[in-house]
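Some notes on the model follow, point by point. Please read them with the structure open.

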Amino acid sequence: LLPAELVIDHSVQVDEHAHSQALARNNEIDFSRNQERYAFLRWGQAAFRNLAVVPPNTGICHQVNLEHLARVAFVAPDPHRPDVVQVYPDTVVGTDSHTTMINGLGVLGWGVGGIEAEAAMLGQPLPLLVPQVVGVRLSGELRESVTATDLVLTVTEILRKLGVVGKFVEFFGPGIPGLSLADRVTIANMAPEYGATCGLFPVDAETLAYLRLSGRSEESDALVEAYFREQGMFAEPGMPEARYTRVVELDMSTIEPSVAGPRKPQERVRLSEIKSSFVAALPTLTKAKKQGTKASTGVAAHPTLKDGSLVLAAITSCTNTSNPSVLLAAGLLAKKAVERGLASKPWVKTSLAPGSQVVTSYLQEAGLMPYLEKLGFHVVAYGCTTCIGNSGPLPADVSQAIEERNLVVASVLSGNRNFEGRVHPEIRANYLASPPLVVAFALAGRVDIDLENEPLAEDQTGKPVFLREIWPSRAEIQAALAAVKPSMFKQAYATVFEGDTRWRELQGSQTDTYAWDDRSTYVRHPPYFVDLPA
């Protein structure tokens, strides 16, 4: 049987936010909601030799895979020759579409359905037609104030128009060496949004540097380099280019600060045009007011909300929280904002849900966490949260205002999908943005704003503060990156399969076969297996 790794990340919800106990309370609520399911998985963790379970409150599966689980070069004993060890390229299929993120590390992988995954776990081959491969030649480098998020939103727009469904995409060209590994996985993550089966990057010197940064052993790092060099698969400048079905050219120096929305990831909007874009989209977002009277909540509607008000700002998702440069940029922007006396608008639900505990470590090491918390971006969970719709309830007065006045309010999140109704059922306009822009919009409290020419807010002296005044420079971000250390990864993943006290205290069955509880309404013995002949 093939090794299987299960990361529990899709359950936790942002019920509590913007206070120091939000993480603890959300985890407590999560365990109370999922007690039976977690007990079943706890049993499976002990019962199966080839199943590794990463407990809840650890991280997002794709980021945990990137930072710890992925091998790049897989090592396994030869089943027919006991004294021989096999080495081969790491590959993965996962039951989530953004499994593609690992392609940024040079590991080929993509998302599949549950039945396909079960078949693969049981050793069955995964049938695949030889795909067309579209090459994206990257050249140039990102300009000052442009992030990997802006790059991936542009790639998504371009490839959606081209049409790459059912195709592999491979990134190559003179711009590749200048892209950090974290930038690469941001681009690889959104392959489902640009429609490809995967978006693959080569294994090169940057890959090896990331393996060292993330605390992998020197032996595994040396093995990856030796294996890929021996196979002629280690990318270096000057190597001949592969032949592709089609080649797309992208000069990264042309990328502009952007967001995507209000409905789809490929709806890229220049930051300077978000105000006019929202105004143009407003008639299509406005819906007829529901007939009938909603039961009164006894809460007065928020008085100042209007169309275009931002009610949810979430730094979330493996897409961006796997990238230290954009998270440190968010922290630096928060620091400058707090020093100017700015605050998130009180009607904005703010949250920070990192894809791993390493993120918290380096934000604390850099001295930036207090500033994010000052703006309401406390850590609420280590899980998918808002990106998959687990954003939790809006404040009662905000919900009441949306209902009473039939408002088209907005969210801004650092996620990968923004389809209407996905982020929150009461929010019709949803925008994808980099983490520092998420913070900036929380300060502004609205999306119908020209962030290049209008101030975010006024400081304590009444002086207008513009985004360009608090946007961190590349040099500042580079200096802050020194806070990211291999020891943080080693510490976070040293006990990754043990879980917290709640997980360890779960009363699961300790038998080889699961002890079904006939009283359960959630985890039941499938009736079609009862009295099944051997």
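1. The model is predicted. In helix H10, which spans residues 274-285, the buried positions are Ile274, Ser277, Phe278, Ala281 and Leu285. These residues lie on the same side of H10, because the arc they cover around the axis is only 95 degrees. Val279, Ala280 and Pro283, on the other side of H10, are exposed.

2. Searching the whole structure for cavities of 30 Å³ or more gives 1. The largest cavity holds about 60 Å³ of space. Its lining consists of 13 residues, and those nearest the centre are Ile8, Val12, Asp30, Pro56 and Asn57. Sorted by class, the residues lining the largest cavity are 6 nonpolar, 5 polar and 2 charged.

3. There are 0 disulfides in the structure. For Cys61, the closest cysteine sulfur is that of Cys384, and the two sulfurs are 6.0 Å apart, which is too far for a bond; the cut-off for a disulfide is 2.5 Å. Cys61 has a relative accessible area of 18% and is therefore buried, as the limit is under 20%.

Definitions and conventions. Residues numbered from 1 in each chain as written. Predicted model: local features only at pLDDT ≥ 70, side-chain atom pairs only at ≥ 80, totals over all residues. Heavy atoms only, no water. Buried < 20%, exposed > 50% of the residue type's maximum accessible area, 1.4 Å probe, protein only. Helix = DSSP H or I, 4+ residues; strand = E, 2+ residues; numbered from the N terminus. Arc of directions from axis to C-beta. 1 Å grid on protein atoms, 1.4 Å probe; cavity = no way out; pocket = protein on both sides within 12 Å on 5 of 7 lines; lining within 4 Å. Points joined across faces, edges and corners; volume = space filled by probe spheres on them. Nonpolar A, V, L, I, M, F, W, Y, C, P; charged D, E, K, R; others polar.
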